[in-house]
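Hi everyone, thanks for coming. I'd like to walk you through one model today, so please have a look at it with me.

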Amino acid sequence: MDNLYVLKEQIQQLYAKHAKAVDKGIQFILALLTFYMVNHNLGFMGLLSNPLITLGLSVICAFLPTIVTVLAAALLVVAHMTAVSLGIAAVTGIVFVLMFIFYIRFSPKTAVVVLLTALAFMLKIPYVIPVAFGLVGTPVCVVPIVCGTIAWFMIEYVEGALSSLKEAGSEGMINQITVYVKQTFQNKEMLVMILAFVIVLLLVYQVRRMSVNHAWKIAAASGAAAGIVIVAAGSVVLGVKLSYVELILGSVAAVAAGLILEFLFFAVDYSRSESVQYEDDEYYYYVKAVPKIAVAVPEKTVKRINGREVSQETEIIDAAQIRKKAEQADEEAEKKPRPRKRAPQTKGGKISGNTEHLLLTRSLRRDLHLDDEGVNE
Amino acid sequence: MVDKRKIRLMTRMAMYEQAEGREDLKVSAYYRKDYVSMKMVVTFLWTTVGFGFAMLLVLAGGMSTWMEHFDLTFLFVLAAAVIAIYLALLTITLTVTARIANKKHRDSRMRVKRYNHNLLRLIKIYERERQ
């Protein structure tokens, strides 16, 4: 376990070093996945489904705020739907405008939750979202999760009913719109999911704020269990066909996601928790203090026993002085006769051996402060 | 010689200016009441537009049902319900807007005050340097 915490610290340090690049990378991947999801499910417009356009759009979105990715995804969905029916595109556009007016305008930073919810549906792990945002978010996250769920079911409906929608043509546009609105907003599966997500998020949020030991683990597990019960009960009562295998596996994934989030954002040591009780004039206080787990990353230090000392300070060199000294040296060299060149030493091995010995002795003397003592004496 | 205190102060201020500073300086240029009122007017307009769109969707979804029950009494009941929902929605959105705008203005003013305080300290350092 300690190794994991060390790894976490290392990841944090790495992120701190390259925060900008990592953020841009994550934004790029999010945009790419979102556009892929839209094109995969609604690739009615050949030009917009082109991988090059998707890639280019993702790169652009990576350098802009996340809200731009959300708006681009909404526009992409509407554009694809115009290829099916103008009426359906208009209704979808109106739904997105309503989401913008009543929520995203107030809290543009949480707009990314809408995208994540739709992506989770595509990856067949929608139950992860309410558990994850119950742990790291606030109850307000319910609104973008509901928006994301509605957006996903709209996409899914159009994908499933494409042939019937195209057959109706422009003559049956009003009929098309009526059916689309009814199918989208009276979709029992969607209603069950929304109900389950709202209850699970609020439950997880409440439990993780309790002062019990392992609150995050309990919250994730209880949220997943509540999700299974609500979805199963809802499907039985409303007669909705649901995949129970997907439900159970999705809930297991939700618990796993909860554990990962706890490891990343709430690493505490419950064995060292302390309970304190005190009072002032107005209140009695019952305080529980749980220490955070902090692991120092071991630093590798390499000691060079014959390395050169490099001065850390920048020396300011006076160019005029150097020129002066160089001129003096030249003058002296001209006055003195040149010494004869010595023949190169042939016993290279012995010389290098002596040099190493000398350097080692010198560095040892320096390390043991023998030089200083000699100077002081 | 480089003054570490000055550099630290200038870095902090530059970071603030590039992040929240832009928005904060805009927000704090208004009086609180003016800012909140402006936001509420914008919300009123958006809510009205949004409500109109929502009604369109409801109308589209229940077109056949409306046509079956269409008479004068039904029309009055429907109109009353629509107005009641609109007023309720307006109350909720305006209340939320007022709260958010108030908090935003208060926070912005606080941050701008801190920024101004730093600015004064910087000016003093410059004055001391000149002397």
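Let's start at A:Leu76, which touches A:Phe35, A:Val38, A:Asn39 and A:Leu48, leaving aside residues up to four places away in sequence; contact here means heavy atoms within 4.5 Å. A:Leu76 sits in helix H5 (residues 66-82) of chain A, where helices (H or I, at least four residues) and strands (E, at least two) are DSSP runs numbered from the N terminus. From A:Leu76 to A:Val38 there are 38 residues in sequence and 7.4 Å in space, C-alpha to C-alpha. A:Leu76 is buried because its relative accessible area is 6%; buried means under 20%, exposed over 50%, and partly exposed in between, with a 1.4 Å probe and protein chains only.

A word on the ground rules. This is a predicted model, in which local features need pLDDT of at least 70 and side-chain atom pairs count only at pLDDT 80 or more, while totals for chains, interfaces and linings use all residues. Residues are numbered from 1 along each chain as its sequence is written, chains are lettered from A and ligands numbered from 1 in the order in which they are written, and side-chain values use heavy atoms, leaving out hydrogens and water.

Now the overall picture. Chain A has 17 helices and 2 strands, and 35% of its 377 residues count as buried. Of the contacts in chain A between residues at least 6 apart in sequence, 72% join residues at least 24 apart.

A:Phe121 and A:Phe153 make an edge-to-face pair, 5.6 Å centre to centre and 75 degrees between the planes. Here, too, distant parts of the chain are linked: A:Phe121 is in helix H7 (residues 112-122), A:Phe153 in helix H9 (residues 142-160), 32 residues apart. A:Phe121 is buried at 7% relative accessible area, and A:Phe153 is buried at 3%. Both belong to a cluster that ring pairs build from A:Phe121, A:Tyr127, A:Trp152, A:Phe153 and A:Phe197.

Back at A:Phe263, A:Lys8 lies over the ring face, at 5.8 Å from the ring centre; the test is NZ of Lys or CZ of Arg within 6 Å of the centre and within 35 degrees of the ring normal. A:Arg105 lies over the face of A:Phe106, at 4.7 Å from the ring centre.

Last stop, the backbone. Which phi does A:Lys124 have? Near 65 degrees, a positive value in a residue other than glycine. A:Lys124 lies in the loop between H7 and helix H8 (128-136), and counts as partly exposed because its relative accessibility is 49%. A:His214, also not a glycine, has a positive phi of about 55 degrees and lies in the loop between helix H12 (188-208) and helix H13 (215-238). With a relative accessible area of 35%, A:His214 is partly exposed.

How values were computed. Rings of Phe, Tyr and Trp (its six-membered ring) pair if their centres lie within 6.5 Å; planes under 30 degrees apart count as stacked, over 60 as edge-to-face and the rest as tilted.
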